[in-house]
Amino acid sequence: MNGPADAAAAGALTLLAGRGQTLAVAESLTGGLVAGALTAVPGASRVVRGAVTAYATDLKRDVLGVDGALLAARGAVDGEVARQMADGVRRVLGADWGLATTGVAGPDPQDGQPVGTVFVAVRGPAGAGAVRRLALAGDRARIRTDSVEAVLALLLSELTENARAQDTEQHGGNGCLQP
């Protein structure tokens with residue numbers, strides 16, 4: 001990968017290293033591509049704890065702790081499933097931040113969801129995080145690549161927002177450092 005995913009991975013890892021925080025990844029449709037993008041960055045070992053590729057639904061439940069009733073009711077392609085995957089990988093691998101990807105890369109629909117439906121999640125300390133639903137177009141490779149870019153961009157955005165919120169709390173409200 002070159003371009004947005006590389007830049008987002010490098011930026012996020014720099015921010016996390018500066019904070020002394022760690023990261024773990026739970027992947028389904030991306031099958032290790034997110035972890036690959038992160039670990040391609042020199043010095044990633046200071047931040048990246050590891051990854052779980054939970055491609056099968058039962059692994060999402062048994063390894064990552066995603067609620068079995070939720071999986072039975074909604075299937076694996078769901079925003080709450082993505083959130084629970086990110087929380088689960090944080091817990092299982094002992095990381096400050098967790099990322100997750102789940103969705104349909106094709107060629108066939110899954111769990112009643114059309115090809116290109118993807119959920120990405122970022123979870124961090126003190127309830128920080130976000131979940132995004134994506135409606136991606138293209139072939140299987142494009143959907144997977146775009147999913148990697150989206151989850152890394154979401155991580156970078158959350159880290160930047162989290163830093164602004166902390167600065168506001170510590171320095172009086174306007175997000176700017178006070179002299």
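Analyst: One term before we start: contact means heavy atoms within 4.5 Å. This is a predicted model, where local features need pLDDT of at least 70, side-chain atom pairs count only at pLDDT 80 or more, and totals for chains, interfaces and linings use all residues. Residues are numbered from 1 along each chain as its sequence is written, and side-chain values use heavy atoms, with hydrogens and water left out.

User: Okay. Which residues does Gln 21 touch, not counting residues up to four places away in sequence?
Analyst: Leu 16, Val 47, Asp 96, Trp 97 and Pro 125.

User: Where is the place of Gln 21?
Analyst: In the loop between α1 (4-19) and β1 (23-27). Helices (H or I, at least four residues) and strands (E, at least two) are DSSP runs, numbered from the N terminus.

User: Is Gln 21 buried or exposed?
Analyst: Gln 21 is buried, because its relative accessible area is 15%. Buried means under 20% relative accessible area, exposed over 50%, and partly exposed in between (1.4 Å probe, protein chains only).

User: What does the side chain of Gln 21 make a polar contact with?
Analyst: The side chain of Trp 97, at 2.9 Å. A polar contact is a pair of N or O atoms within 3.5 Å; within protein, one must be able to donate a hydrogen and the other to accept it, and residues adjacent in sequence count only if both atoms are side-chain atoms.

User: Switching to helix α5. How many residues does α5 have?
Analyst: α5 has 15, residues 79-93. From first C-alpha to last, α5 reaches 21 Å, close to the 21 Å expected at 1.5 Å a residue. The expected span is 1.5 Å times one less than the number of residues.

User: What caps the N-terminal end of α5?
Analyst: Asp 78 does. One of its side-chain oxygens lies 2.9 Å from the backbone nitrogen of Glu 80.

User: And what comes just after α5?
Analyst: Gly 94, with a positive phi of about 65°.

User: What about Asp 111?
Analyst: Asp 111 has a positive phi of about 50°, and is not a glycine. Asp 111 sits in the loop between β3 and β4. With a relative accessible area of 39%, Asp 111 is partly exposed.

User: Last one. Which residues does a cis peptide bond join?
Analyst: Gly 106 and Pro 107, with omega about 15°. Pro 107 is in the loop between β3 (97-103) and β4 (117-123).
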